[in-house]
Amino acid sequence: MSLSPPHFPRITCSSSTFFIVITILSVTIFPCSAKSSDAASATHRGGHRQMSYEYYSKSCPQVEQLVGSVTGQQFKDAPISGPATIRLFFHDCFVQGCDASILIDTKPGNKELVEKDAFDNRDLRLEGFETIDKAKSLVESKCPGVVSCADILTIAARDFVHLAGGPYYQVKKGRWDGRISTASNVSGNIPKPNSTLDHLITLFATKGLTIEDMVTLSGAHTIGFAHCEHFLGRLYNYSGTSKPDPYVDPRLLKSLRMSCPEHGWNPDVISPVDVTTPFLFDHAYYGNLEARLGLLASDEALFIDQRTRPIVLELGNDKGKFFQMFGAAMEKMGSIGVKRGRKHGEKRKVCRVHGGV
Ligand code: HEM
Ligand SMILES: [Ca+2]
Ligand SMILES: [Ca+2]
C-alpha cells in the first residue's frame, strides 16, 4: 500500500465550527458542519407483543419506506449522518437499553442533565439526531402515535449501514421509548478508546454481548471519524512511556502526528477510523488492524490480544462472514433492555421530548 504524505486543508466556514478531515491515503475536506456539543394516544394494537419483523404491519405498514426516504436523502445531503446515526444507536442501546433515551433534550430551566449532555456523549454529531427528527416527523404525519423513536433509530442505523455499502438485514420492531434520560446513567456504560480489552469484554458481557459480538460490532468503525483527543496518547506518550504506541505503523504515526500535534492540537480535527476506506462499509477495518493501521487503541487491541485476534483475522478474510455476523450482532445489540408497553415506556410525539402515549 502506498501512503501519500498528508496535506493540510483548512476551510473556514461561516459558522464558527469547522472540520478538517485528513486521511493518510487521500485528502478529503468535509463541508462545514456543526459539531454535536452536543403519540398521540392511538392504541397500539397489541402493545405488549414481543418484538417482531411485522410489528407495524397493520398499524403502519409503510414505516420502513418512510424512514428509508429520509435516510436516503440524508445520505445524499450529509453522508456523515451515516456514522453519526450508527454510533447514536450504539450509545442509546448501551445506556438503559434501546429506548431512545439518548434523544431526550434537557427541559428548559431544568438543571438535571440528560444523557446526551454526558461527557461520554460529547462527540455524538448533530446529524444523527437530525436524521431521527426528520424520520419521526414524517412517520408521525402518516401514522400518528404508533411508531417509537427507538424503532426509528434502529431502522435508520440499518439503512445507513446498507447505504454505505454494508449488509441489509431485517430489523425487529416493537420497542417502546424510555421515560428516563439522565447524564448520570451514562458513566461506565460507554466504552473508552483506552479501555483495556478485559474491561471491554466485561462491559459488553454485561449487555449480553459476547467477545465475537464485540469484535463484529467494532467493525462499524469501518466508517466515520475520530477527534485527536481519542488517539493522542498513542502518538506521543503511550502508557506513560513518553514513546508512541509500537502498534502504530510508522507512516500512520507520522501522518497522525502532523494532523494532531502534541501541543496545540485542534479539537475540531478529525481522522478516519478506517484509514483506508472511511466512507465505505466494508471489512477493510480488520485488515488495517493486522497492518497496525488501527486508529484507536481499542481497535488495535482486538488484533493484539490472542482472545480476539482469530476473529479479526477471520472477518478480515471474509467479507461475507463479516456482513452476516454484523447484521446478527446489530439485532442482538438492538434487543438490549427493550421496554414494552406503557407501564414501562412511552411512544413520544417528538423524539426529544418525553410524553405521548
Ligand atoms: C468497542 C468499543 C468502542 C469504543 C471504545 C469506541 C470508541 C469510539 C470513539 C472514541 C469514536 C470517535 C468519536 C469522535 O471522536 O467523534 C468512535 C466513533 C465511532 N464509533 Fe465507536 N467505539 C466502540 C464501539 C462501537 C460500536 C459497537 C459501534 C456501532 C455498532 C461504533 C460505532 C462508531 C461509529 C460509526 C463511529 C464514527 C462516528 C462519526 O464519524 O461520527 N463504535 N467510537
Ligand atoms: Ca437508551
Ligand atoms: Ca471502510
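Biologist: Which residues does Ser101 touch, not counting residues up to four places away in sequence?

Modeller: Keep in mind that this is a predicted model. In it, Ser101 touches Asp92, Val95, Gln96, Glu115, Gly178, Ile180 and Ser181. Ser101 sits in the loop between α2 and α3.

Biologist: Is Ser101 buried or exposed?

Modeller: Count the C-beta neighbours. A residue is buried if 20 or more other C-beta atoms lie within 10 Å of its own. Ser101 has 28 such neighbours inside 10 Å, so Ser101 counts as buried.

Biologist: How far apart are the C-alpha atoms of Ser101 and Ala150?

Modeller: They are separated by 8.3 Å. Along the chain, Ser101 and Ala150 are 49 residues apart.

Biologist: Let me turn to backbone angles. What is phi of Ala100?

Modeller: Phi is near 60° there, a positive value in a residue other than glycine. Ala100 is also in the loop between α2 and α3. Ala100 counts as buried because 32 C-beta neighbours lie inside 10 Å.

Biologist: What about phi of Arg292?

Modeller: Arg292 has a positive phi of about 55°, and Arg292 is not a glycine either. Look for Arg292 in the loop between α9 and α10. With 18 C-beta neighbours inside 10 Å, Arg292 counts as partly exposed.

Biologist: Now the overall count. How many helices and strands does the protein have?

Modeller: There are 12 helices and four strands. The protein has 357 residues, and 45% of them count as buried.

Biologist: How do I read a pair of packed helices?

Modeller: Two packed helices are described by the angle between their axes and the distance between the axes. Take helix α3 (residues 126-142) and helix α4 (residues 149-163). Their angle is about 120°, and their axes are 10 Å apart. The crossing of α3 past α4 is right-handed.

Biologist: Which residues make that contact?

Modeller: α3 supplies Thr131, Ile132, Ala135, Lys136 and Val139. α4 supplies Cys149, Ile152, Leu153 and Ala156. By class, the contact of α3 with α4 has seven nonpolar residues, one polar and one charged.

Biologist: At what angle do α1 and α3 pack?

Modeller: Helix α1 (residues 63-77) packs with α3 at about 145°, and the axes are 9 Å apart. α1 passes α3 in a right-handed crossing. On the α1 side the residues are Val63, Leu66, Val67, Val70, Thr71 and Gln74. They meet Thr131, Lys134, Ala135, Leu138, Val139 and Lys142 in α3. By class, the contact of α1 with α3 has seven nonpolar, three polar and two charged residues.

Biologist: Next, burial along a helix. Which residues of α11 are buried?

Modeller: In helix α11 (residues 309-317), they are Ile311, Val312, Leu315 and Gly316. Seen down the axis of α11, the buried residues fall within an arc of 130°, so they line one face of the helix. They pack against α6 (211-218), α9 (284-290), α10 (297-304) and α12 (319-333).

Biologist: How many of the eight residues of α10 are buried?

Modeller: Seven are, and α10 is mostly covered. The buried residues are Ala297, Ser298, Asp299, Glu300, Ala301, Leu302 and Phe303. What covers them includes α5 (197-206), α6, α7 (232-236), α9 and α11.

Biologist: On to the ligand. How many residues surround ligand 1?

Modeller: There are 26, and the closest are Asp123, Leu217, Ala220, Gly224 and Ala226. Elements that give two or more residues to this shell are α2 (81-93), α6 and β3 (225-227). α2 gives the most, with five residues. By class, the shell has 15 nonpolar, seven polar and four charged residues.

Biologist: One more residue. Where is Trp265?

Modeller: Trp265 lies in the loop between α8 (250-259) and β4 (269-272). Trp265 has 16 C-beta neighbours inside 10 Å, so Trp265 counts as partly exposed. Leaving out residues up to four places away in sequence, Trp265 touches Cys228, Leu232 and Cys260.

Biologist: How far apart are Trp265 and Arg307 in space?

Modeller: C-alpha to C-alpha, they are 35 Å apart. In sequence, Trp265 and Arg307 are 42 residues apart.

Note on methods. Residues are numbered from 1 along each chain as its sequence is written. Chains are lettered from A and ligands numbered from 1 in the order in which they are written. This is a predicted model: local features need pLDDT of at least 70, side-chain atom pairs count only at pLDDT 80 or more; totals for chains, interfaces and linings use all residues. Axes are lines fitted to C-alpha atoms, for helices over the stretch in contact, and angles run from 0 to 180 degrees between N-to-C directions. A crossing is left-handed if the near helix is turned anticlockwise from the far one by less than a right angle, and right-handed if clockwise. Two residues are in contact if their C-beta atoms, placed from the backbone, lie within 7 Å. Ala, Val, Leu, Ile, Met, Phe, Trp, Tyr, Cys and Pro count as nonpolar, Asp, Glu, Lys and Arg as charged, and the others, Gly among them, as polar. A residue is buried if 20 or more other C-beta atoms lie within 10 Å of its own, exposed if 12 or fewer, and partly exposed in between; C-beta atoms are placed from the backbone. The arc is that of the directions from the helix axis to the C-beta atoms. A residue is near a molecule or strand if its C-beta atom, placed from the backbone, lies within 6 Å of it.
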